[in-house]
Structure formats: C-alpha cells, structure tokens
Amino acid sequence: MAQRLSRRLVVRAVVEQLIRQPASTHALVRSFAAYLIETKQTKQLDAYLADITTALSMHGQATATVISAHDLDTKVVAALKELVSQQSGAKHVTLEQAIDPSLLGGIQLSFNGRKLDTTVRSQLNQLKATSAAN
Amino acid sequence: MTDISVKELSKDIRAAIDGLRASEGLVETGIVTRIGDGVAWIYGLAGAGANEVITIDTTSGGTVEAFILNLGEDEIGAVLLGSDQEVSAGASVRLSGHVLDVPVGPELLGRVVDPLGRPLDGKGPINAKLRYPVERDAPGVMARKSVHEPLMSGITAIDAIIPIGRGQRELIIGDRQTGKTAIALDTMINQGRQKTGVVNVYVAVGQKLSKIARLVDRLKEEGVMDNSIVVATGPADPASLLYLAPYAGSSMAEYFRDHKQHALIIYDDLTKHATAYRQMSLLLRRPPGREAYPGDVFFLHSRLLERAAKLNDELGAGSLTSLPIIETQAGDISAYIPTNVISITDGQIFLETNLFYQGIRPAISVGLSVSRVGGAAQTKAVKSAGGGLKLDLAQFRELAAFMQFATDLDAETRQRLNRGQRLTELLKQPQYQPMGVWEMTAMLIAANNGTMDEVPVEKIQDAKTALLTELWHEHKDAMRTLSVGDKVSDEMTKTILDAAKKVMKGFAA
C-alpha cells in the first residue's frame with residue numbers, strides 16, 4: 001500500500017511535475033488518481049484541487065471563481081482579473097464564472113483560499129445577525 | 001552606505017497603501033471538513049494563528065465562534081464556543097485576526113458573566129472600556145515582591161495556623177461535601193465584613209447552576225456582591241467554556257491587580273477544569289498520557305496559577321491571591337491532578353470527611369495543611385497569640401489515641417489532652433460567621449494561657465461567645481486597637497486574661 005504523505009508534499013510534487021513536464025499530464029493524472037484510491041482519500045479531491053490551484057498561482061497561473069446573480073460585463077471581468085493578479089502576484093489569471101440568482105446582487109470572488117463577498121444576500125444575513133444580537 | 005531616495009521610498013509606500021486598500025474586504029476563508037462533539041476540523045486558513053478566534057457560518061444564516069487549538073500540516077482543529085447543532089460540514093470559516101479576549105474593569109463588579117464576559121444576570125449589557133486577552137503572561141521575577149500582607153479569611157483555624165498572604169496561591173483540597181466552597185465563600189464574605197477592599201472573583205467551573213445561584217444570593221445578602229464578579233459555567237456548557245472560565249476570570253481579576261488594588265480569585269474547581277481539558281484534548285486527537293490526561297495538563301494549571309502575584313511598588317503594589325479548589329476521591333491526595341496542583345501552589349488546606357462528620361467544622365486537617373509563604377504575611381497579633389497552636393494540636397493528635405486511658409496517664413499528658421480538646425472545640429466555627437482580628441486574638445490568648453482549661457468541652461463555644469461579648473462591651477477601645485493587628489502588648493494581654501478569668505468562672509465545672 002502506498003505510504004500516506006501530507007497533502008502539502010503531494011501537492012508540491014504534482015505542481016512541480018505539471019510545470020516541468022506539461023506534456024505528461026495524462027500519466028500524472030492517472031498516478032495521482034491511483035494514489036488517492038490507494039490511500040482512501042478520494043473524498044479529499046476538492047481539497048487537493050484547491051491546494052493545487054493555490055500552488056499554481058505561486059508559479060504565475062492563478063484560477064479564481066466568481067459567482068454573481070447576473071452576467072458580468074467585460075469591464076468588470078477585466079477589473080476582477082486585475083485584482084486577482086495584484087493580490088496573488090500571478091501573471092495569467094483564469095476567471096471561472098457562475099450564476100446564482102439567490103445572491104440577489106453583487107459578486108462572490110474566491111481565489112487562493114481568500115474570499116471577497118459583496119453580495120446582497122450576505123449583507124442581508126449580516127443585518128439579520130446584528131439585529132438579532134441587539 | 002547606499003543612497004536612500006525618499007522619493008522612491010514614498011512611491012513604494014504609496015503603492016503598498018493602495019495594495020492594502022484593494023485587499024480590504026478580502027478575507028481568508030476555510031471550509032469545515034468534519035464537525036462533532038464541539039470540535040471542528042477545518043481545511044484552509046493558511047494564515048491562522050494558535051488560539052485565534054474564527055467565525056463559522058451556520059445553516060440558519062447566523063455564525064458561531066470557535067478558537068484554534070490544533071494547527072496541523074493539512075488541517076486545523078478548533079473548539080466551538082457555542083452549540084455545534086447548526087454547523088455542518090462544508091460551512092465557510094473566516095479568521096477574525098484576534099485571540100480571545102474578555103471585558104475587564106470596575107464595570108464588571110456585581111455582575112454574573114460567562115467566560116466570554118457576556119452577562120448572565122439579566123442586568124443589561126456590560127459597557128467595559130477595556131478588554132484583556134484571556135491568556136496573559138504571568139508577571140516576571142522583577143515585577144514581583146515577596147508576599148507580606150495578610151489576606152484574612154476570617155476562619156480562625158486558617159488565619160492562626162495556615163495564614164494566607166496577598167499574592168499567595170493556597171489550595172483548598174478535600175473530598176466532596178467537606179466544606180471547600182464554604183471556606184472560599186467565608187473568605188469572600190470576610191473581605192466585605194472587614195472592609196479590606198479586596199475584590200472577589202469567583203470562577204465556577206461546571207458547577208451546578210443551583211449552587212451558583214445560592215452562592216450569588218448569599219453574596220448579595222452579605223453585601224459583598226457589589227465588590228465581586230462571578231464567572232459562571234454549568235455542567236451543560238460546552239467543554240470549551242469550562243476550559244476558558246479560569247483564564248477569563250483571572251484576566252478580570254488581573255485588572256485590579258494591575259491597577260494598584262488587591263483581588264482574590266477562587267477557582268471552583270480545577271478538577272473539573274482538567275476533565276474539560278482532557279475531553280477537548282482527546283477529541284482533538286492529542287496523545288493521551290496518565291489517566292488519559294494530555295501531556296500539558298501540568299502547564300494548564302501552572303500557567304494559570306502563576307498569574308497570582310504580589311507586584312512590586314513601581315507597578316503599584318497590587319496583588320492577586322488565588323484559592324484553587326481540588327476535589328479528591330476518597331481522600332486520595334496522591335492522585336495525578338491533586339499532586340500537580342499541590343506542587344504548583346504555595347500550600348494547601350486539606351479538608352477531611354472524618355473530621356466533618358465528627359462535627360469539627362471547618363474540617364481542616366491541621367497535620368496535612370500547610371502555608372509555605374503565609375507566615376511572613378501573618379497579622380502580628382494573631383501570630384503572637386496563636387504561635388504554639390499548631391504544635392499543641394499536633395501533640396494532642398499524637399496523644400489522642402490514649403484518651404480512653406485518661407485516668408492512668410500522668411498529669412502533664414492529661415493536661416495536654418485537656419488543652420487539645422478545648423482548642424479543637426474552640427476552632428470550630430459556623431459557616432458565614434468569619435471572625436475579626438481582635439476576636440481571634442483574644443480567644444487564642446485566653447485559651448493558650450489556660451483560662452479555659454476548667455471549662456467543660458461542651459460549654460467552650462458558649463464561653464467563647466461570653467468572653468467576646470464581655471470584651472466588646474467593657475473594653476471596646478482596647479479591642480479596636482487590637483483589630484489593627486499589631487503585636488499584643490503585655491497590658492492588652494492582662495486585660496484579656498482578667499476578663500477571661502472573670503467570664504470562665506461562670507462556666508467552670
């Protein structure tokens with residue numbers, strides 16, 4: 001059975017491989033999947049992927065997710081990319097967009113374990129919590 | 001030296017300011033991966049610090065606070081400060097950027113609060129101007145001064161034999177129902193009666209709420225509550241709150257210590273505190289040691305009790321006296337937690353079940369109780385009057401086994417047994433009746449000089465009351481002088497002995 005290593009070490013090895021040999025991604029994916037099955041960590045895939053995203057941003061390739069109630073226009077998308085680039089130091093920013101009408105308005109931007117929440121829903125929740133506390 | 005361009009520097013600083021402004025509202029977030037038994041395991045939060053407070057979103061749209069205890073390589077272990085019922089796996093977690101702190105200051109006096117400083121007495125919010133972190137460093141060597149002022153408990157057996165000084169840590173240890181809390185409560189009441197100005201902080205760790213309510217009522221009745229703070233946790237509270245209570249109470253008391261005042265803190269009790277910490281540690285998967293307690297259970301109590309101190313004159317000469325309480329099982333003082341706390345404190349008052357049921361209350365075992373620093377702080381009057389008391393009682397205990405052969409014993413042994421019986425009777429003291437310095441001193445002078453030797457044992461308490469009444473009515477000014485606590489003059493001794501001889505005549509067999 002494969003020895004279980006800390007997630008940090010595994011992520012570092014995966015990212016180094018991705019950067020050094022981008023052509024052999026297929027083989028890397030297969031061996032990584034095998035490691036997860038062998039060490040019974042398949043449920044932690046999301047955590048691994050988030051860590052890989054963060055590690056990649058340190059190598060200049062950031063991925064951010066933005067959720068909004070409505071479609072964002074190109075100016076806002078460009079501004080968000082600029083913000084992510086400034087904060088993470090990455091030159092290339094990939095922005096993944098999703099729509100969730102329940103946010104009512106505003107955006108929720110997540111990258112590298114950080115979050116910017118300017119949605120109307122969260123502000124209403126805060127208001128509710130404050131009035132309940134008083 | 002390289003040239004420094006202020007223009008360049010200013011440009012860099014402006015750019016840094018702009019960068020920081022842009023990051024406003026950008027918070028570090030993590031995700032709850034597992035939750036249960038008040039412990040949450042969290043993924044993310046790379047910038048988290050030990051003991052940092054975090055906020056977890058609940059399913060109902062609210063939040064619950066937790067604090068970080070385990071900083072692992074891949075995950076963080078945090079203990080919730082509220083219910084875990086509404087926290088689910090996948091919940092978002094945010095860093096607060098600060099460690100746990102509590103409100104401190106005179107605004108807390110007269111209040112009953114929880115370990116986070118939230119009011120429990122329904123008297124409205126506490127508008128404290130200051131907050132102290134829950135975990136604070138103990139004062140260093142140079143900040144301290146040796147313990148030299150007495151902290152009068154009002155209990156003769158303690159003030160005469162095991163004196164407590166301001167800044168001392170004196171353990172109260174004994175089985176259940178032996179009067180541990182009663183001693184602590186009497187000491188608090190005495191601070192009010194003698195108007196010592198000492199602020200009382202009572203920390204209830206997992207105590208029955210009915211017991212806390214009774215205690216608060218009593219403090220109110222005695223008029224001491226206005227100068228007291230009660231930090232209350234009940235058996236139904238999460239282990240995290242039980243763990244925090246002594247530290248929070250200590251921070252509240254330290255405010256007075258650091259502001260040139262004197263404070264007394266009672267931890268009732270540290271056995272339950274250690275149990276709560278054991279529960280948290282086991283749930284956090286920390287390796288169990290002896291009796292399943294974690295390896296740092298000694299540090300848990302040593303860092304808490306080290307915060308008791310007598311500060312030097314430059315720092316205002318304030319003090320914080322600690323009276324931790326430990327509950328033993330079947331009188332076993334050599335168990336893990338009792339030995340730990342005995343070794344940390346500056347002495348212990350050991351209460352015995354046997355004595356309690358023999359009617360000797362407070363049930364203090366004079367042989368096993370000790371005060372390592374209090375002697376230097378003892379009131380001179382009580383010290384001179386009760387000097388030989390411990391020795392007399394020790395000799396009495398050794399000879400007590402021969403009491404049934406009393407007629408065959410020599411006169412000296414009979415005399416010692418006689419005196420010992422009367423002294424034991426004299427040291428009995430009902431609850432809620434702490435005594436003043438003059439009462440203790442006069443009583444001890446009378447007993448040590450043999451004026452009570454002819455009084456039957458069953459009449460000793462009445463004789464004592466009669467003597468004190470006589471002295472107060474006939475020699476009020478002299479007794480007021482005696483209350484100051486200075487060494488007793490020969491003239492004063494004569495006054496007391498004359499009164500004692502007169503009173504005892506009426507009680508002699």
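Within chain A, 5 residues of domain 1 are in contact with 6 residues of domain 2, contact meaning heavy atoms within 4.5 Å. The model is predicted, so local features need pLDDT of at least 70 and side-chain atom pairs count only at pLDDT 80 or more, while totals for chains, interfaces and linings use all residues. Residues are numbered from 1 along each chain as its sequence is written, chains are lettered from A and ligands numbered from 1 in the order in which they are written, and side-chain values use heavy atoms, with hydrogens and water left out.

Domain 1 of chain A covers 1–59 and domain 2 covers 61–134; the bounds come from an automatic or database domain assignment. Their C-alpha centres lie 27 Å apart. Between them the two domains of chain A bury about 470 Å², with 47% of it on carbon and sulfur atoms. Buried area here is the accessible area (1.4 Å probe) that two parts lose on being put together, summed over both. On the side of domain 1 of chain A that touches domain 2, there are 1 nonpolar, 4 polar and no charged residues. In this classification Ala, Val, Leu, Ile, Met, Phe, Trp, Tyr, Cys and Pro are nonpolar, Asp, Glu, Lys and Arg are charged, and the others, Gly among them, are polar.

The count of salt bridges between domain 1 and domain 2 of chain A is 0, a salt bridge being a side-chain nitrogen of Lys or Arg within 4 Å of a carboxyl oxygen of Asp or Glu. There are 3 residue pairs in polar contact between these domains, both residues at pLDDT 80 or more. A polar contact is a pair of N or O atoms within 3.5 Å; within protein, one must be able to donate a hydrogen and the other to accept it, and residues adjacent in sequence count only if both atoms are side-chain atoms.

The next boundary is that of the two chains. Here 17 residues of chain A are in contact with 15 residues of chain B, and the chains bury about 1,300 Å² between them, 49% of it on carbon and sulfur atoms. In chain A, the residues that lose the most area to chain B are A:R7, A:Q87 and A:K115, together 35% of what that side buries. The rule finds 1 salt bridge across this interface. A:R8 forms a salt bridge with B:E73, their closest N and O atoms being 2.6 Å apart.
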